[in-house]
Amino acid sequence: MAGVLSPRQDVRRPRTGSRARPRRRNLPWVAIVIIAVFLVAGIFAPWLAPGDPYAPNLAGRLQPPSGEHLLGTDSLGRDLLSRLVYGARTTLVVVVVSLLISAVIGIGLGLVAGYFRGKVDTFVSRTVDATLAIPSIFIALALAASRGPGESSVIIAVTLILWARFTRVVRSDVLSLSEQDFVAQAAVTGCTRRRTMMVHILPNVMNSILVLVSINMGYVIMLEASLSFLGAGVPPPTPSWGSMISEGQEYIGLAWWISIVPGVAITLIVLALNVLGDWLRDYMDPRMRDAL
């Protein structure tokens with residue numbers, strides 16, 4: 001009969017409106033794989049490293065990549081792959097500890113400043129502005145010069161820089177959330193200020209915090225490598241990607257792999273973290289989520 005759809009035609013009819021199936025959200029798989037390799041190398045370095053990253057072998061110094069040494073050896077004959085894997089562990093410790101401390105301090109101050117406002121907000125905001133106005137590398141170098149190089153100095157330097165970034169973002173979100181009806185209803189029902197901040201406001205800023213953490217991981221890796229390259233970060237003989245680049249610059253024409261290998265590792269992990277951070281930012285935004 002004309003005008004009547006067959007069963008096959010009816011099943012294949014496209015669905016529109018609110019019932020339409022959303023577009024598949026593509027994950028940045030390449031970036032995720034690179035980050036996963038970095039995490040596995042950092043966590044399981046003693047089991048993955050093919051040799052002792054500290055043991056010198058002057059008879060085998062400056063050997064190019066080969067079957068015996070997949071990434072070659074450095075100026076002291078140490079296996080470069082082993083030092084690269086242990087360098088990932090050094091970087092991972094600095095990143096995790098410094099970001100954790102910075103996030104706790106920054107989130108706490110951002111919640112207090114955005115919720116209470118007034119003089120507290122003014123004081124915190126001016127302190128954040130002053131901290132962000134000082135070049136981060138200057139803070140790190142000054143601290144390293146006063147305390148001496150080491151992992152603890154790098155962690156403290158990164159914390160002194162990053163807490164302000166967390167505070168600024170959290171404060172901005174809290175200022176907006178404080179005007180919402182659910183916060184007023186919480187106050188009417190007798191919730192204390194502390195409970196309101198921790199139970200009703202904090203969960204709603206976790207999306208921004210997650211994105212901020214993913215983006216700043218790459219920044220911390222670059223800062224730690226820069227300090228180690230300048231001799232103000234992790235001191236030798238502890239493997240560090242920045243110090244490996246610094247040690248290899250003298251032999252760049254003779255043994256290019258000493259500097260190039262850790263440089264490529266830094267580039268890949270920072271790019272991967274930035275790509276993942278951009279994806280998370282778009283995914284957490286309801287206006288862009290369906291476009292992913």
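**View 1. Contact of helix H5 with helix H7 in a predicted model.** Asp 121, Val 124, Ser 125, Thr 127, Val 128, Thr 131 and Leu 132 of H5 meet Leu 160, Ile 161, Trp 163, Ala 164, Arg 165, Thr 167, Arg 168 and Arg 171 of H7. Contact means heavy atoms within 4.5 Å; helices are DSSP runs (H or I, at least four residues), numbered from the N terminus. Seven of the residues in this contact are nonpolar, four polar and four charged. Ala, Val, Leu, Ile, Met, Phe, Trp, Tyr, Cys and Pro count as nonpolar, Asp, Glu, Lys and Arg as charged, and the others, Gly among them, as polar.

**View 2. Axes of H5 and H7.** The axes of H5 (residues 118-133) and H7 come within 9 Å and cross at roughly 135°. Axes are lines fitted to C-alpha atoms, for helices over the stretch in contact, with angles from 0 to 180 degrees between N-to-C directions.

**View 3. The largest nonpolar core.** This core has 64 residues, and Leu 111, Ile 221, Trp 241 and Ile 269 have the most contacts inside it. Such a core is a set of buried Ala, Val, Leu, Ile, Met, Phe, Trp, Tyr and Cys residues joined through side-chain atoms within 4.5 Å; buried means under 20% relative accessible area (1.4 Å probe, protein chains only). Helix H9 (193-229) is one of the helices that supply at least two residues, and H9 gives the most, 13.

Residues are numbered from 1 along each chain as its sequence is written. Local features need pLDDT of at least 70, side-chain atom pairs count only at pLDDT 80 or more, totals for chains, interfaces and linings use all residues, and side-chain values use heavy atoms, without hydrogens and water.

How values were computed
Buried means under 20% relative accessible area, exposed over 50%, partly exposed in between (1.4 Å probe, protein chains only).
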